[in-house]
Amino acid sequence: MALQTIPAAVVVIGLILYTLLAGADFGAGVWQLSAGGGEHGRRIRDHAHHANAPVWEANHVWLILVITVLWTAYPSVFGAIFSTLAIPIFLAALGIVLRGMSYALQNAANARQRRYIDLSFAAASIMTPYMLGSVIGAVASGRVPPGNALGAEVASWTNATSILAGFLAVATGAFLAAVFLAADAERLREPDLVEAFRGRALLAGVVAGGLAVGGLFVVRADVPRLFDGLTSGWGLVPVVVSGVAGLVSMALVVLRRFTEARLSAALAVAAVIIGWAVAQRPYLLPTTVTIEDAAANDTTMIALIVSLAVGAVVLFPSLALLFRLTLSGSFDPTSQGPPPVPGGAVSRERRKHAAQTGIGFLVAGFVLLTIAEPAVSHIFGLIFLGIATFAGFRAVGPVELASRPSPEVAGRSLRELLRRPR
Amino acid sequence: MTEILAQDYLLEARQMQALSFVVHIPLVCFGIAFPALVLFVEWRYLRTGDELYRTLARRWSKVMVALFAAGVVTGTILSFELGLLWPNFTATFGEVFGLGFAIEGFSFFLEAIFIGIYVYGWDRLSPRAHFLSGLPIAVAGVVGSFMVIAVNGWMNHPEGFTYENGRVTSSNAARALFGNSYFWHEFVHMYVAGFIVTGFLVAAAYAVYALRGRWGRYERTAFAVPMTAAAVASPVQLLVGDWAAREVAKNQPVKLAAMEGLGQTTKGAALHVAGWYQNGDVVWGLGIPKLLSLLAFHDINSTVLGLDTVPLDDQPPVNVVRYAFQSMVVAGSIMALVAVLFLFLRWRKGTLPASPWFYRAVVLCGPLSIVALLSGWITTEVGRQPWVVYGFMRTEDAVTGASGIPVGYGALAAVYLGLLIAVGWVLVRLSRVPMAEPPDDRIDTTHPLSHAE
């Protein structure tokens, strides 16, 4: 049983981290859209962009992790969700492309061009979380049957619960972003930005809290089973935790204690997702497919869990490093650069030696890989060819080659040649 | 009902998948090879203290992050499409091959984390720490592509599971993916290709500068490093490719028969160049007697299995596979020729080539490397058709029952066109940063973002 449940827990943890981290990135896009014109608006947009820039790619990968774990551990559930809910998932994917594109563009654009890029970025920042939220709503309300596209193509994600979940995803993202950005602004000692994002955090907090509380009534009318799960037994615990943490974080924002507000806001949002997971258990697709029905065979599960554990050992220290550098302000544009360290170049003698090594291994590799038959010799042939390329690279010595004076390349480009054939 | 719908959109679904691969695969090459080139240049900076190398590595790292961003989103689309287009494939076999993608997800994660640290840490970390922070990017790029190709190898040669009544009843993911001997040639071939594509594309950009008369030490270095990488990789790729073809001959005879247009099983088979495959024969092609048998099995009288070993319904579209294969071989050979010329001139003259014709050839090798890369993947992917999991699931049985695939295809095509334009525009903008002065390390605190990275 534990074997079948652990990957589901990883999926929930991945979703929580995606909501907290990438959700906040999306929320920053919402604030960029509503920043307005003028100097103040530009500063808000710049701040929202700057705070995300080093981490957004890492934040985004949580979604990839959720998807790959889902299709490895519960393949039939993955197939059912992605075929029935193809439309919102595809729209979310388009939003992800638009966002990634805007990030790549932003660094090369001038101020005027950036306004247009920000617009597409912000549009994507609303569409993607809304669509992903409506997917969760569709799953939670039991509108995804098992099988290939057997659910309603449109009605499955345009019902009250899905719409609520979509708006909730956008609003919580905006709330998290405002709190995080206010804390960042405080670190950068930008008092006007602190105030701007403090106000936005309070506004978004009220909206998100209102949606969450009002949403309970929507859920009671639309999916009584889910409502019961959220309001009785273990499901009640995360709901209460979420409400308390939400109120505490609002109070902390009012008191301008942003570092603590960051944590309690994150807790409030995480508890909503945990509440959904607890209310829905033991179903992955209510009320047709349970975790045990959908689970892959034990060997796959063990291999997956071991890989996840090994991966986590590498991943979390790396993530900690990235966030430590970002949050401690190491990437802020104020610190000084380091001094260079002198050294030497690769000598002519060593290059000659490398050339002989390269040719020797190339010939040996050719004999072993191309002429010899047994598979073992092929392995050695490949290794020898690998050594030959390294030695060859060293023998050519591109850096030394380029430092020699070289005559101008007297000639026209191909385009000019084609333009003037004579 | 579902079956009928599925049939209707099979073609669109396949084209959409193909489009997504065509955009993503060149970016993968940059993920494999570009970090190594950037790190090499930065390592020269650590050894010599010459600011020029730092400037170059830093500028390249901006290109690297832009291409990585494009790779992230196109890769995300691919993972979505495994569910959006082929839910039956993933639903049935996800537990067998999924692990490969889960591990790939982790390496993707590390790449994303350290690319953030590397690109934003130029002025903040000590030179040594900064260099070290780049190493995981290079490793993760290779591990990630290794995993994806392991899955592809498994699709070509499914094993490590038991299959009854359309369901996987037990499986051993580790054996299926890593105990599978089919993917090693694909991986080595692709890894070397990564260096060729990256090397020639980057070198082509600076060859344009050379032809325009901008040929200072900065440009020469920026040209020589990727050019050398491509030049040592291209000739080796001929040997690796020949080995890969022999592995295909041994393990996937139907694919080899499609690549060569061999209709009937033949003893002492001829190799045909050009021509057109029709009713089991290559017409209008140039036939070289016994060469195919010699190349495939090192014996001019060996028997090569033909397409007639499987029913017509199970044969891939021969002309597509065959022309893709021949394009790859021709493009690869031209690039190897340019590479050998470069190495020869380096050996005899000891300098960079001076003739504009050499640089014009390098400019052409840039797009040519993409042609070779894509046609190679077309060879292996279309050559597996009509199967998605060879011998177990046909592509038409894997496709989604959802409607609206043509709309999605159109939308994706439009967005990807925008993406290509955007990436091209970013690269041109980055290349127009003034070259004369050292990098702008001063940060304008009132406009932090325009210089933040």
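The model is predicted, so local features are given only at pLDDT of at least 70 and side-chain atom pairs count only at pLDDT 80 or more, while totals for chains, interfaces and linings use all residues. Residues are numbered from 1 along each chain as its sequence is written, and chains are lettered from A and ligands numbered from 1 in the order in which they are written. Helices (H or I, at least four residues) and strands (E, at least two) are DSSP runs, numbered from the N terminus.

**Contact between the chains**
- Chain A gives 95 residues to the contact and chain B gives 106 residues, where two residues are in contact if their C-beta atoms, placed from the backbone, lie within 7 Å.
- On the side of chain A that touches chain B, at least two residues come from each of several helices, including helix 2 (38-52), helix 5 (86-106) and helix 13 (298-327) of chain A.
- That side of chain A has 58 nonpolar, 31 polar and six charged residues, with Ala, Val, Leu, Ile, Met, Phe, Trp, Tyr, Cys and Pro counted as nonpolar, Asp, Glu, Lys and Arg as charged, and the others, Gly among them, as polar.

**Helices of chain A**
- Helix 2 of chain A has 15 residues, which should span 21 Å at 1.5 Å a residue, and its end C-alpha atoms are 22 Å apart, which agrees; the expected span is 1.5 Å times one less than the number of residues.
- Among the buried residues of helix 2 of chain A are A:Ile44, A:Arg45 and A:Asp46, a residue being buried if 20 or more other C-beta atoms, placed from the backbone, lie within 10 Å of its own, exposed if 12 or fewer, and partly exposed in between.
- Helix 7 (residues 160-187) of chain A reaches 41 Å from its first C-alpha to its last, close to the 40 Å expected, and 23 of its 28 residues are buried.

**Helix packing in chain B**
- The axes of helix 6 (residues 183-211) and helix 11 (residues 356-382) of chain B come within 8 Å and cross at roughly 150 degrees; axes are lines fitted to C-alpha atoms, for helices over the stretch in contact, and angles run from 0 to 180 degrees between N-to-C directions.
- Helix 6 and helix 11 of chain B are therefore roughly antiparallel, given that angles under 35 degrees count as roughly parallel, over 145 as roughly antiparallel, 65 to 115 as roughly perpendicular and the rest as oblique.
- The residues of the contact of helix 6 with helix 11 of chain B divide into 18 nonpolar, four polar and two charged.
- Helix 8 (residues 253-260) and helix 10 (residues 318-349) of chain B have axes 6 Å apart at an angle of about 75 degrees, and are therefore roughly perpendicular.
- B:Ala258, B:Met259 and B:Glu260 in helix 8 of chain B meet B:Val318, B:Val321, B:Arg322 and B:Phe325 in helix 10 of chain B.

**Backbone details**
- Most residues other than glycine have a negative phi, and most peptide bonds are trans.
- A:Arg256 has a positive phi near 65 degrees and is found in the loop between helix 10 (236-254) and helix 11 (258-280) of chain A.
- A cis peptide bond, with omega about 0 degrees, joins B:Gln385 and B:Pro386.
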